[in-house]
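Please look through the sequence and the model shown below before reading on.

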Amino acid sequence: MSKILITSALPYVNGVKHLGNLIGSLLPADVHARFRRQIGDDVLFICATDEHGTPAELGAVRAGQEVQTFCDQQHAIQADIYRRFGLSFDHFGRTSSPHNHALTQHFYRRLDEASLIETRELRQIWSPVDQRFLPDRYVLGTCPHCGDASARGDQCDQCGTLLDPPELIAPRSALSGDRALEIRASHHLFLRQSELIAQLGAWIDSRSGWPPFVVSTAKSWLTCELRDRCITRDLTWGIPVPREGFDGKVFYVWFDAPIGYIAATQEWAAAAPRRDWRQWWWQADDVSYIQFLGKDNIPFHTVSFPATLLGSGEPWKTADVIKGFHWLSYEGGKFSTSRNRGIFTDQALEELPADLWRWWLIANAPESADTDFSVAKFTADVNKDLADIFGNLANRIISFAHRAFDGRIPDGGTPGDAERRLAEELQQRIAILRRHHTALEFRAAAAATRAIWDAANAYLQHTAPWAAVKSDSVRAAVVTRTGLNLVAICAALAWSIIPHLAERVLRAFGRDDAVPRWPNGPLAPLLDEDVGAPVARLGPLVEKIAPEKAAHLVTRFGA
């Protein structure tokens, strides 16, 4: 049994996330955590809402709420959505927690003691109308790199370039629209990342299993002139800086947010006796740590966060594998939380069951390049894979068992050549599926799952128990018994991706394990077991998305 620590990039608290955010880290992290639990690993799956920085403050301003109230409500909303999507966090915390405040200040002190913190004077944007400094997203303007007129002071969404507010052309305040902005001096703290280039490079070189684009992105930040990073901001909401002369300043959200992984684990440990967060983060050489994140988060997780951990001089666990994802686009354009473009997770659940979205997103995960979501492709794929293949497989053999064998797994007969060939084929296919899951190859895992469903359907189509029962009831019993056990195996194998549908099928067989077992050992006995056990009627497992429903989705979300 292996110890597997899994973290998903922390979703900003500033509103409900869209499907691109879901597939960019949250959903694949959940699928892998579920798979690892199935094969018997000791898994800790941690996430949290990212609650500091300008996104939270501006969200509260737009909502007309105090920041704390806004974060409280938005955390609860997101937690409920993720629960309904089946995300199986062991703990879903908050970066505004006391644990994260204390731990972030601890890391600052350790880095300061190591001479890796430096005070510098910065040119900051000041708004006479707002009577305050305007960091990051408080400033809007034109990107100096691509010319997009809606760039923010921290990043341009159009070209992805990281920015500082003074770099924007024709800047204006996001609060008041004030354009008569001034440049004033303000003192800030910098993490001297440039002093850690060799150590970071050696750390990256010691890792394996990273997608090539993650490695190349990480190394590009090291091979170019790595800039020291400002880790403080002129804000009131956040983690206070414990340094003389820095009253009214807080730590930059990207300094404290990754520390939130550890702090959330501390929260998890504090919630129950005999839990020890140190077993996962402190001198944890027996732990394999996998991070899931979108490509825009790569620099922070491959450079800035490791710089914090390594620079502290303490034995913190660092990531073994960083699984990065490209972006999911929507009907040829970008998903965007700030622009309310695309399908958001709460809207998705209003329209269709969670597993339909889960299946399509994993089967089309943007692993090696950006992937485009379209209602037409989504509808066609879901109808084919879940309704025609998996749903039809489960329904027709269970329905037949009720017609011919009183709704029970029938006794009688001996498995023949067809069953032996089926067991051999499935043994190979299940091994392939396990390899894909282990290697974090999500598209391939979905395709391998679908291939197993296809093999199961092909077996039933070839053996046709509904025809055999008319002349050879014993043979029909063998095929029905095999087919029913086959459906249960297919459901267990699909559970990591479509847990709600899989659990519904498994409950029909009286199986209600919190984590369905992964088929191990020779497969033939598993296809010939549970003789006499009742199987509940299933009914339609997946309703096809009708043309009218697809048209409604296009109307609601645009095309």
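A helix, as the word is used here, is a DSSP run of H or I that holds at least four residues, and helices are numbered from the N terminus. The model is a predicted one, and every value below was computed from it.

**Helix 17 and its surroundings**

Helix 17 covers residues 499–508, and its buried residues are Pro499, Leu501, Ala502, Val505, Leu506 and Ala508. These buried residues pack against helix 1 (19–38), helix 11 (354–363), helix 12 (375–404) and helix 16 (473–494).

Arginine 84 belongs to helix 3, which spans residues 67–84. Is arginine 84 buried, partly exposed or exposed? Its relative accessibility is 35%, and therefore arginine 84 counts as partly exposed. When residues up to four places away in sequence are not counted, arginine 84 touches Leu349, Ala354 and His500. Although arginine 84 and leucine 349 are 265 residues apart along the chain, their C-alpha atoms are separated by 8.0 Å.

**Two helix contacts**

The axes of helix 4 (residues 98–113) and helix 7 (residues 253–270) come within 8 Å and cross at roughly 130°, an angle that makes helix 4 oblique to helix 7. The crossing of helix 4 past helix 7 is right-handed. On the side of helix 4 the contact is made by residues including His99, Leu103, Phe107 and Leu111, and on the side of helix 7 by residues including Phe255, Ile259, Ala263 and Ala270. Sorted by class, the residues of this contact between helix 4 and helix 7 are nine nonpolar, five polar and two charged.

The axes of helix 13 (residues 417–438) and helix 16 come within 12 Å and cross at roughly 5°. Because angles under 35 degrees count as roughly parallel, helix 13 and helix 16 are described as roughly parallel to each other. Among the residues that meet are Leu422, Leu426 and Ile430 in helix 13, and Val478, Leu486 and Ile489 in helix 16. The contact of helix 13 with helix 16 has 10 nonpolar residues, together with one polar and two charged residues.

**Aromatic rings**

A pair of aromatic rings is described by the distance of the centres and the angle of the planes. How many aromatic pairs does a search of the whole structure find? The search finds 27 aromatic pairs, and two of them are set out in the table.

| Pair | Centre to centre | Angle between planes | Kind |
|---|---|---|---|
| Tyrosine 82 and phenylalanine 89 | 6.2 Å | 80° | edge-to-face |
| Tryptophan 254 and phenylalanine 300 | 4.0 Å | 5° | stacked |

Tryptophan 254 and phenylalanine 300 are both buried. As for the other pair, tyrosine 82 has a relative accessibility of 1% and so counts as buried, while phenylalanine 89, at 17% relative accessibility, counts as buried too.

Ring pairs can also join into groups, and here they link Tyr330, Trp357, Trp360, Phe373 and Phe378 into a cluster.

Conventions:
Residues numbered from 1 in each chain as written. Predicted model: local features only at pLDDT ≥ 70, side-chain atom pairs only at ≥ 80, totals over all residues. Heavy atoms only, no water. Axes fitted to C-alpha atoms, helices over the stretch in contact; angles between N-to-C directions. Parallel < 35°, antiparallel > 145°, perpendicular 65-115°, else oblique. Left-handed = near helix turned anticlockwise from the far one by under 90°. Contact = heavy atoms within 4.5 Å. Nonpolar A, V, L, I, M, F, W, Y, C, P; charged D, E, K, R; others polar. Phe/Tyr/Trp six-rings, centres within 6.5 Å; stacked < 30°, edge-to-face > 60°. Buried < 20%, exposed > 50% of the residue type's maximum accessible area, 1.4 Å probe, protein only.
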